[in-house]
Amino acid sequence: MSYERTIWEKIADNLRSRSMWMLHYCTGCGAVELPPSMTSRFDMERLGMGPMATPRQADIFLITGYLSVKTLRRVIYTYEQMPDPKYVVGFGSCTINGGIYYDSYATINRVDYYIPVDLYIAGCMPRPEAIFEAFTELMRMIRKGEAIGWKKYKENYEWYKQNQLKSLGEVYVHDEFHE
Amino acid sequence: MTIFKVAAVLLTGFFVGLTLEGIARKIIARVQRRYGPPWYQNFIDVFKALSKHGFSHGWIFDFGVLMALGGVIATLSFVPLGNLVAFPGLDNVFVVLYLFAVGALGMAMGMVGSGNPNASIGVARALTQMLGYEVPYLVSLAAIIFYYKTSSISNLMNLQADSWNLFKMPIGAAVAFISLMGMLGKKPFDTPIAPAEIASGPMVELSSKYMGLLMLMHTFSIFVEISLFVDIFLGGGSYLVFLLKFTVVWIIATLISAVLPRFRIEQVVKFYWRVPLGLAFLQAFFVLIGWVF
Amino acid sequence: MSQLLLILFIGSFLVYLLTRMNWIIGVLANIGLAIYSFYRLFTFKVGTSESIFSLIVNQNGTLVYSELSKFFGIISLIVAISVYFFLINWLEKQKNRAVFNFFLALITASTLGVFFSGDLLTLYIFWEIMLLFSVLLVQMGKEDSKKAALNYLTISLIGSYMYLYAVFMLWNRYGTLVIKDIVQKISVETSIFKWAVLILIAAAGIAKSGIFPLHTWLRTTQGSSPDAFSAILAGQLEKLGAYMLVLTVAVFPSLKMFPVLYGGIPVFNYVLIVLGMISILIGTLMAIKQNDMKMLIAYSTVSNSGYILIGLATMDKIGFAGGLFHAFNHAIASVMIFLSFAAVIYRTKTSKIDEMGGLIWKMPLTFITYLVGIISLAGIPPMSGFISKWMIFVVLVKKGMFLTAAAAFIGSVGSFLYVFRPLAGVFLGQLKSKHKDVKEVPIFMLIPMLVLVVITVFFGVIPGPVLNMITAVEKELNIQPLEHTMTVIKSSVGQWNTLTVFTMFAVGFIIAFILYMVFPKAKRIPLTNQYTAGEFLYNYDLYHYSTRFYAFFERLYEKHPSVEKLYEMFGKFFKDIGEFLNRWFYSASPSAYLLWFSIVLLAIFWVRW
Amino acid sequence: MISLMIAIPLLFAFVSIVFKGLAKYALPFIVLLNILILLIASTPVVENIGGWKAPFGISLVLDDASYYVVLVVNLIFLLLSLIPQIIDKGYDTIILLLLTSTNGLVLTGDLFNSFVFIEITAAAAYILAYHRNNPYGAFKYLIIGGISGSFYLLGTIFSYVGAGSLNMAHISNNSFGQLTAAIAILFILGLGVEAKLFPLAGWVPDVYASGSSLTPTILGTAITFAIMYLTGRIFITVLHGTFLDVLYILGLLTVIVGEVAALRQDKLLRALAYSSIAQAGLVVAAISLNNIDSLTGAYFHSMNDLTAKFILFPIATVVIKGFEKDRLAGFAFSVASFSLIGFPLFAGFRSKLLIISSAFSAGNYILPAVLFFASIVEAAYLLKWNIKLWFEKSDTSNNIPWNLKTIVLVLSILLLIIGIYPDLYLDASRKIAQSILDTQGYINSVLGGI
């Protein structure tokens with residue numbers, strides 16, 4: 001399902017698909033797959049993609065492993081710091097259903113409940129070929145205007161917030177020592 | 001009439017600058033035995049960045065970015081590109097260099113205005129590095145101005161019709177090239193923008209539109225610096241010959257920067273005030289006693 | 001002129017009485033006096049000379065109104081008027097206000113006296129009056145201003161007494177003290193005499209404007225004196241030093257008197273240029289280290305006085321004009337900066353850079369004044385500061401003085417560093433929680449600041465009027481005048497047009513503004529919404545980088561020899577001798593007295609027999 | 001007639017032992033009587049005591065120099081008498097004795113007579129030094145004073161052996177070969193202690209800074225001025241300028257040492273004591289230049305110095321803490337210290353100017369340099385005290401008696417007037433200098449043309 005877009009939106013989406021800057025949230029064991037995708041064998045840069053140091057400059061938010069209650073807060077905080085339009089890519093089975101840690105008390109089993117994920121990459125740490133297949137799929141979705149996770153987050157913001165509070169209690173941790 | 005010349009200069013700066021940056025990324029990729037992005041990748045990046053809905057940190061943040069871009073555009077308009085000279089008599093070397101400082105100060109003020117200490121550290125490093133590379137550069141330029149008795153860039157360009165300054169004053173040219181590397185902020189001297197240490201330094205809080213404007217400013221500033229070097233040391237000549245020389249210098253700079261690691265900031269100033277400054281004084285001494293080839 | 005000076009001196013007593021009654025009327029009276037004398041400056045006909053009270057029995061003091069005194073008089077009165085306007089609100093928090101106002105009025109009167117004086121002794125008298133009352137004013141500042149005032153007094157007295165020594169040498173040899181006659185006589189002088197006289201006279205200028213050997217008082221005095229007065233000190237009193245340097249270099253024709261050493265510059269001027277170079281380097285490198293913002297600008301005054309001295313000493317048509325114009329720019333810029341600091345201290349009660357931050361959101365107009373001030377002080381194009389620095393660069397390069405040029409470049413690029421430190425530490429960055437309720441300074445403090453901003457920008461774009469005054473001074477001192485039109489400055493090496501630079505900057509700004517408006521509007525987020533690598537911060541006061549701002553650069557010259565410690569050592573050395581004398585000679589036992597008694601007896605015997 | 005100026009105060013001094021409180025209130029009238037006698041007498045007057053003709057008997061000489069010196073000394077005593085509260089119970093007789101001996105010292109034309117008067121002054125000074133229980137200081141002053149008195153006596157004896165008589169004019173009339181060197185040395189040592197020259201002036205700080213306001217006020221001003229006159233008289237008129245260069249060197253040393261020692265003092269009175277040493281040294285150095293301008297400058301400077309000291313010492317002893325309460329005393333204190341430093345528009349500036357220009361015209365470049373060094377150091381510590389007293393927060397400052405306040409105010413205004421129209425002091429000091437320098441005139445007036 002895709003929203004109708006103005007001509008400028010179409011051109012912008014086309015540009016956005018060709019130059020995607022990534023912010024790696026390197027948690028768990030997924031991060032080790034990213035260097036091979038950037039170096040000479042697979043070379044992510046030929047698709048116009050490159051790693052960025054701060055969320056302010058990033059378009060894609062790569063979550064590369066399992067999320068615990070503590071790290072989910074950081075994910076939400078960073079997600080809200082990224083400028084629109086932003087896309088989230090879940091990396092590996094840990095983000096899909098908690099992976100091998102699904103039954104632990106602290107693991108977040110479905111990232112989708114808390115922040116809108118546009119694309120999942122299956123595999124208990126997918127190989128670079130799978131990553132590239134996913135990225136080309138994401139580029140197609142952006143060009144077609146189907147990657148609208150950020151719009152969904154804005155529209156049903158309360159639902160997401162409610163989920164987050166239900167599992168985390170409070171997103172921004174208030175530390176009584178400092179107040 | 002000058003409006004068209006200025007427009008021509010700015011458009012050249014925009015198109016040639018961005019394509020050359022794309023080519024540079026291609027060269028670095030090939031040096032690392034990668035395929036590398038298409039040559040027009042930088043155009044896409046700039047317009048993608050401009051098209052996003054970013055965040056602003058208050059009026060000083062916006063004013064700083066505008067002042068930066070405005071200052072650099074003003075500087076570029078004064079720089080002659082080969083025989084395309086927007087303001088024939090008024091392009092004084094010191095005016096161009098210190099007008100460039102308006103852009104630097106604007107960016108510095110805007111970035112620190114964002115309130116992020118990474119930005120302040122980055123700007124402090126940028127200014128210290130500027131102190132490093134600016135002094136030898138100005139001394140070598142002073143030697144040239146003293147030799148040719150004129151400080152207007154277009155005159156300097158025409159006066160070296162017989163043999164380029166590169167051959168007349170090789171030491172001065174070497175010093176200027178090392179300072180050029182510092183000015184461009186290429187790899188050995190990119191301490192202010194070190195992504196690993198201070199999260200891309202001043203650019204830490206730059207979201208969409210501001211990132212795009214800063215990339216434009218970066219392109220224009222690269223164009224100003226290298227065209228200054230080409231005009232003064234490589235003779236300039238006609239417009240296309242100028243662009244050719246520009247590309248050659250740019251490729252050499254990229255090749256050097258592709259293989260070198262990053263200096264620490266103390267080492268930058270210590271290096272600049274020891275080797276290039278010594279060479280610049282040597283060159284000045286040679287000019288004084290007339291040893292110009 | 002003597003009538004104007006009389007009015008000013010009597011007026012200052014009047015100001016004292018008025019301020020005792022009600023301090024606002026007193027300040028207004030002070031402003032009235034300053035504006036009246038500013039008006040009278042324009043009505044005087046250049047070249048008139050009058051006589052003033054006689055001192056040595058047959059010698060009559062003379063007052064001469066030359067182009068030079070008009071130029072410097074205008075600078076000091078612009079500074080005085082803007083600071084007096086500033087006092088309307090600021091004086092409220094200063095204790096014993098009447099005396100403060102009284103001394104300020106006296107200092108302005110005696111400064112004008114110095115500029116008008118036609119003979120060396122009258123100049124010395126006004127110089128000493130100004131010195132005495134400025135010392136009494138300096139010590140009304142913070143607690144350690146008492147020590148600073150004594151330090152300032154000692155060094156200034158060293159300068160002025162060396163000057164008096166030279167005056168008497170001249171009086172003894174030529175029998176006259178009027179500057180015009182001395183100039184004729186001394187230019188034909190051959191012996192070592194003229195070296196000694198000129199060095200001694202230059203000493204007064206060096207002490208007052210803070211050039212290398214006698215610059216240590218500036219840091220402590222500016223640091224602890226009352227804020228409004230440090231603006232006067234930097235704007236008005238430094239220009240006295242500049243006037244004295246003009247006296248030694250241009251009025252006494254150094255070109256004719258000394259053999260040319262290098263690049264058309266006489267030997268004596270070259271010695272001054274070396275001092276100027278050293279003070280630029282010291283001023284810049286020490287200013288980068290300072291944490292107290294007023295001390296930082298004090299060191300920038302040392303560096304800028306170095307520029308003025310180098311400009312003047314080159315005695316070239318561009319260089320001399322550059323030196324004078326830099327005196328004008330530095331006066332206006334340092335007054336703007338000190339007034340903005342006074343406004344900040346008026347509100348936040350501290351002058352340490354690392355105790356403040358983010359004040360731009362609370363005091364935007366003060367920020368604009370400070371910004372324009374540092375752009376002019378650092379010499380960046382759209383403002384007037386750049387024109388004078390450009391002139392000095394051009395003359396140094398034209399004459400092939402590469403070492404001095406390198407020092408000038410280090411000074412100008414270094415000034416970007418140290419002017420940026422208060423900008424980033426005090427105004428930008430995170431707002432401290434204790435400064436949450438800081439308001440902008442009252443209106444009467446803003447008016448002078450903004451007027452100075454307009455002046456700087458105007459003379460940055462159209463330097464014509466000031467350059468006309470400077471060329472008139474150059475004609476008077478028979479130096480070849482500078483060719484310039486209202487906005488184009490020509491030199492044998494190159495020329496540029498200040499108006500085109502400004503218009504191109506405006507065009508560039510408009511282009512950027514259009515780009516800014518075309519693309520989607522950005523959402524304004526609060527100051528505490530920062531990229532913190534995912535961490536939750538609770539105390540945003542600490543999330544501000546301002547202590548040891550250039551730590552990496554300062555490490556390069558950490559163990560530098562400090563001249564201040566050297567002078568403190570001298571002070572202590574004198575005190576130790578005093579201690580030794582007191583113990584051995586004065587509070588000793590009677591038998592010791594007899595010992596010294598007999599030693600004197602033996603000494604005379606031995607010598608005389 | 002002029003011998004009455006010595007006789008009456010002496011008479012009242014003895015009478016006052018019998019009637020205890022009498023002298024304190026008689027003092028003003030005695031001094032007024034002296035001044036009256038002076039005004040009547042027209043210079044030059046030579047009075048031979050007991051009718052004996054000049055070279056044999058004692059003759060009191062009142063020429064231009066001694067006229068003005070005695071006038072100044074008596075004016076100081078008059079001012080002192082106007083503030084009776086600082087004169088303690090038994091000390092009024094001592095003051096009368098001091099008045100007699102100072103008048104005698106100045107007026108006498110006879111060397112031995114001057115020795116006698118010096119001893120009386122010194123004796124009175126020892127007792128004054130003991131004022132406010134300062135036993136050790138007074139004892140030290142007694143020892144060194146006695147020794148110097150004996151050297152002065154030796155000098156008189158040698159000159160008697162040489163010239164055959166004790167009359168100053170007669171001694172100066174005939175020269176006695178290499179004996180003059182010995183006489184000059186003895187007189188240097190004899191007068192050096194009283195004139196506070198460098199190694200000999202050890203006693204000054206302890207005596208002046210003993211805390212009593214009477215001792216420094218009178219010793220620092222009247223006695224010093226009389227001694228300066230006597231040094232001039234003996235070394236220039238009598239000994240025709242032998243050993244003046246030794247005096248010059250000692251004077252310079254005193255200036256430097258006095259200033260440097262003053263820098264370290266943390267008590268105001270002691271600092272002022274050192275300042276008076278330095279000023280005395282400066283005056284002696286100026287006298288030793290031996291030309292009309294420098295002598296005028298020396299005495300002009302000495303007069304400014306004593307006026308300033310007459311303001312500084314009483315205020316320094318009375319006011320311990322700041323001037324918050326009484327701003328008038330503070331104003332006077334500041335004016336006095338500015339005149340002492342030599343800021344323009346104050347009296348001190350004029351006298352320093354005169355000394356420097358005379359030194360330069362005499363081709364001497366060292367004295368001005370030392371003078372400038374001295375003024376820098378003096379400015380440093382005097383302003384330190386001024387700032388400390390004016391601007392320190394202080395509540396416990398006992399108030400100054402009204403008559404002292406009026407006198408001090410009048411004197412500070414006088415200093416200001418002298419600063420602008422110096423004729424009052426300048427003419428007096430010029431006359432003193434002229435009459436000291438023309439020895440022939442002195443001899444003719446005393447010996448009546450033999």
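Biologist: Which residue of S2(A) stands opposite Met22(A)?

Modeller: Opposite Met22(A) stands Pro51(A) in S2(A). This is a predicted model, in which local features need pLDDT of at least 70 and side-chain atom pairs count only at pLDDT 80 or more, while totals for chains, interfaces and linings use all residues. Residues are numbered from 1 along each chain as its sequence is written, and chains are lettered from A and ligands numbered from 1 in the order in which they are written.

Biologist: How many bridges pair S1(A) and S2(A), and in which sense?

Modeller: Strand S1 of chain A, residues 21-25, pairs with S2(A) in the parallel sense over 2 bridges. Two strands pair if DSSP finds at least two bridges between them. Strands (E, at least two residues) and helices (H or I, at least four) are DSSP runs, numbered from the N terminus.

Biologist: What is the strand order in the sheet of chain A?

Modeller: The order is S2-S1-S3-S4-S5, an open sheet of 5 strands with parallel pairing. Strand S2 (50-51) and strand S5 (119-121) of chain A each have a single partner strand, so one side of each is left without a neighbour in the sheet.

Biologist: Which helix packs on that sheet, touching S4 and S5 of chain A?

Modeller: Helix H5 of chain A, residues 128-144, packs there, touching strand S4 (87-91) and S5. The direction of H5 makes about 170° with that of S5(A). Axes are lines fitted to C-alpha atoms, for helices over the stretch in contact, and angles run from 0 to 180 degrees between N-to-C directions.

Biologist: And S3(A): which residues point one way and which the other?

Modeller: In strand S3 of chain A (residues 60-63), Ile60(A) and Leu62(A) point one way, whereas Phe61(A) and Ile63(A) point the other way; all are buried. A residue is buried if 20 or more other C-beta atoms lie within 10 Å of its own, exposed if 12 or fewer, and partly exposed in between, with C-beta atoms placed from the backbone. In a regular strand the side chains alternate between the two faces of the sheet.

Biologist: Changing topic to backbone geometry: where is the cis peptide bond of Pro85(A)?

Modeller: The cis bond joins Asp84(A) and Pro85(A), with omega about -15°. Pro85(A) sits in the loop between helix H3 (69-81) and S4 of chain A.

Biologist: What is phi of Asp43(A), and what is phi of Lys349(C)?

Modeller: Asp43(A), not a glycine, has a positive phi of about 45°; Lys349(C) also has a positive value, near 65°. Most residues other than glycine have a negative phi, and most peptide bonds are trans.

Biologist: Is Lys349(C) buried or exposed?

Modeller: Lys349(C) counts as exposed, because it has 10 C-beta neighbours inside 10 Å. This residue lies in the loop between helix H14 (317-348) and helix H15 (364-378) of chain C. Asp43(A), by contrast, is partly exposed, with 19 other C-beta atoms within 10 Å.

Biologist: Now the chains: which pair has the most contacts?

Modeller: Chains B and C have the most contacts among the 4 pairs of chains that touch. There, 62 residues of chain C are in contact with 70 residues of chain B; contact requires C-beta atoms, placed from the backbone, to lie within 7 Å.

Biologist: Which element supplies the largest share of the side of chain C that touches chain B?

Modeller: H17(C) does, with 12 residues. By class, this side of chain C has 46 nonpolar, 13 polar and 3 charged residues. Ala, Val, Leu, Ile, Met, Phe, Trp, Tyr, Cys and Pro count as nonpolar, Asp, Glu, Lys and Arg as charged, and the others, Gly among them, as polar.

Biologist: Which residue of S7(C) stands opposite Phe55(B)?

Modeller: Lys523(C) stands opposite Phe55(B). Strand S1 of chain B (residues 55-56) and S7(C) run parallel, joined by 2 bridges.

Biologist: How far apart are the nearest C-alpha atoms of chains A and D?

Modeller: They are 41 Å apart, and chain A and chain D do not touch.

Terms used: Contact = placed C-beta atoms within 7 Å.
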